[in-house]
Amino acid sequence: MSVKLTLCVILGIVIGFYFEVAPFLPLITMLVLLPVVYLVSKKQQRKGFPYFEVLTSFITICLNISMPNHHTKQDLNQEKVWQLKVNEVLKPNTYSHRYITQIIAGDNEMASGKLLFSLSVDSTLKELQVDDEFLIYAKPDGIRPPLNLYQFDYRSYLEKQGIQHQIKTNYTSIVKKDSTSKTLFGIASNFREHIISKLEQKDFGTEETGVIQALLLENATTFPRTPITTTKMQAPSIF
């Protein structure tokens, strides 16, 4: 039965990702079927058609159909004051620091969804941390597809995480909130950063430090952080 339920979970996620299904439809279906499943479980005989298993599988599919639906209901075609919360700190490149942010509100209206947020590198930059919240007046842009045919499709990768838009700006354009709610992800991130700072104070080489961080923290983004400079010309990031 566990294998069947796993297949139903996968099927529900695939349907929710590739087909536009209104979120309330799976919810209504589950609310209707749950009492039916309860009654069937009481009356179903061991022999005969497996009504309980079929209904349970169908409910599992409905439950997972809405999981990939993380897109914001806000209109992204105009500038607004967005309230964002940092969910994840990505590895920076030569030109920007990048973050996965959760949309809290747009023009004081509650909203949901995720955005890729990039801050350009400059002398006034202060890196954001997980759980930081801030306001930004901007219009989100779509994420560009890869320029080359066989290049890694970063846009498709982000879409699978429910991210279809991004905001690029500089640090002086955002207004950070002084007090924010803490999450387990934020606490874990702060603890990880504390460990990294302690490792960097030890007399290890760059490669050795990277291996230690990878073994202890199991996170690719925790490899040694190097100062970001713009003196060496490199190909600009397409992300």
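Predicted model: local features only at pLDDT ≥ 70, side-chain atom pairs only at ≥ 80, totals over all residues.
1. Helix α5 covers residues 184-200, a run of 17 residues. From the first C-alpha of α5 to the last, the helix reaches 24 Å, which is close to the 24 Å expected at 1.5 Å a residue.

2. Which residues of α5 are buried? They are Gly-186, Ser-189, Ile-196 and Leu-199. Viewed down the axis of α5, these buried residues fall within an arc of 140 degrees, and therefore they line one face of the helix. Leu-184, Ile-187 and Phe-191, on the other side of α5, are exposed.

3. The largest nonpolar core contains 16 residues. Those with the most contacts inside this core are Leu-84, Phe-117, Leu-128, Phe-134, Ile-136 and Ile-174. Two or more residues of the core come from each of the elements β1 (80-89), β2 (96-106), β4 (114-120) and β5 (133-138). As general background, nonpolar side chains in soluble globular proteins tend to be buried together.

4. Phe-134 deserves a separate entry. When its neighbours within four places in sequence are left aside, Phe-134 is in contact with Trp-82, Gln-83, Leu-84, Val-86, Thr-101, Phe-117, Leu-128, Ile-174, Val-175, Lys-176 and Lys-177. Among these partners are Leu-84, Phe-117, Leu-128 and Ile-174, which are also listed among the core residues with the most contacts.

5. How many disulfides are counted in the model? The count comes to zero. Cys-8 is buried, at a relative accessible area of 10%, and Cys-62 is buried as well, at 6%.

Notes: Residues numbered from 1 in each chain as written. Heavy atoms only, no water. Helix = DSSP H or I, 4+ residues; strand = E, 2+ residues; numbered from the N terminus. Expected span 1.5 Å × (residues − 1). Buried < 20%, exposed > 50% of the residue type's maximum accessible area, 1.4 Å probe, protein only. Arc of directions from axis to C-beta. Core = buried A, V, L, I, M, F, W, Y, C linked by side-chain atoms within 4.5 Å. Contact = heavy atoms within 4.5 Å. Disulfide = S-S within 2.5 Å.
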